[in-house]
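Subject: Structure handover

Hello,

Here is the structure for you to look through. My notes on it follow below.

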Amino acid sequence: PKPRDGCENNQRVLYSQNHEASAVSKKAFRHIAQAPERILDAPDLVDDYYLNLMEWGSNNVLAIALGQTVYLWNAVTGDIDELCKTPEDDNIITSVSWIQEGNCLAVGTNNHCVQLWDVEKKRQVRNMGGHAARVSALAWHNHILSSGGRDSVIINHDVRIQEHRIASLVGHQQEVCGLKWSPDGSMLASGGNDNLLCLWDAGASTPKYTLAQHQAAVKALAWCPWQRNLLASGGGTAD
């Protein structure tokens, strides 16, 4: 029989609620290709675990250091350009890092220097010293560039001013091979060949935390983009 006016089917409401809940909780799966999209030749790629020789920028350009030369691969056009080359045979490129937004590339070298390059104009705009050994790790937060070296020191550079060295962070006993700023810039993570992971508050000169759980050099560092206090770290073969 036809239900009277105003009558509500409780089972129908329950079904609708369950249906909506299941639709919200359904996971979307991302397809991950099993074969490479592109293979690039990389002759003279230095076989050194502690160096950071490749990084993809927000401009969709891949910077890669091959021996003494930095090359740029444009993922949109497929073009490959030579950005720079060190004149000395023993002065290889030891690290590269893009600024978060823009066309500025930081380049660390074996002769202890950090170079800043305007990629669009293919022009070096700055050369910054301070390290006593090769610069093996770089990390940006806005206008602050942090560099770590084989001298076990981390230097914070303010690239806007002439006296660029604003802080020296001493917490490692061996080469610094991993650096990463948190997304909000409140903390810097550093990993070293001494198997230590150090966490530094912005503006501090001593580590807030020194973690010694790793059994090998700490190089891989990644902050969670949506949970500010979560950091992933990875070490070398002995781990």
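Does C198 count as buried or exposed? At 0% relative accessibility, C198 counts as buried. Here buried means under 20% relative accessible area, exposed means over 50%, and partly exposed is in between, with a 1.4 Å probe and protein chains only. C84 is buried too, with a relative accessible area of 7%. A search of the whole structure for disulfides finds 0. The test for a disulfide was a pair of cysteine sulfur atoms within 2.5 Å.

Some ground rules. This is a predicted model, where local features need pLDDT of at least 70, side-chain atom pairs count only at pLDDT 80 or more, and totals for chains, interfaces and linings use all residues. Residues are numbered from 1 along each chain as its sequence is written, and side-chain values use heavy atoms, with hydrogens and water left out.

Overall picture

The protein chain has 1 helix and 18 strands. Both are DSSP runs numbered from the N terminus: helices are H or I with at least four residues, strands are E with at least two. Of the 239 residues in the chain, 41% are buried. Take the contacts between residues at least 6 apart in sequence: 39% of them join residues at least 24 apart. Contact means heavy atoms within 4.5 Å.

Salt bridges

The structure holds 7 salt bridges. Each is a side-chain nitrogen of Lys or Arg within 4 Å of a carboxyl oxygen of Asp or Glu.

One of them pairs R134 with E175, at 2.9 Å from N to O. R134 sits in the loop between β8 (123-128) and β9 (135-141), and E175 in the loop between β12 (165-170) and β13 (176-181), so this pair ties together parts 41 residues apart in sequence. Both residues, R134 and E175, are buried.

E175 also bridges to R150, with the closest N and O atoms 3.6 Å apart. R150 lies in the loop between β10 (144-149) and β11 (153-158) and E175 in the loop between β12 and β13, so the pair links parts 25 residues apart in sequence. R150 is partly exposed at 47% relative accessible area, whereas E175 is buried at 7%.

Another bridge joins D184 and R228, with closest N and O atoms 3.1 Å apart. D184 is in the loop between β13 and β14 (187-192) and R228 in the loop between β17 (218-223) and β18 (231-235), so they tie together parts 44 residues apart in sequence. D184 counts as partly exposed, at 40% relative accessibility. R228 counts as exposed, at 60%. Salt bridges that share partners also join D48, R134, R150 and E175 into one network.

A buried glutamine

Q68 is in the loop between β2 (61-66) and β3 (69-74). Q68 is buried, with a relative accessible area of 18%. Its side chain reaches the backbone oxygen of E88 at 2.9 Å. Leaving out residues up to four places away in sequence, Q68 touches several residues, including C84, K85, T86, P87 and E88.

The largest pocket

How many residues line the largest pocket? There are 23, of which E55, A139, L179, K180 and W181 lie nearest its centre. The lining takes at least two residues from each of β1 (54-56), β5 (93-98), β9, β13 and β17. A pocket is found on a 1 Å grid over the protein atoms alone, as an open set of points where a 1.4 Å probe fits, with protein on both sides within 12 Å along at least five of seven lines; lining residues have an atom within 4 Å of a point.

Best wishes

How values were computed
A polar contact is a pair of N or O atoms within 3.5 Å; within protein, one must be able to donate a hydrogen and the other to accept it, and residues adjacent in sequence count only if both atoms are side-chain atoms.
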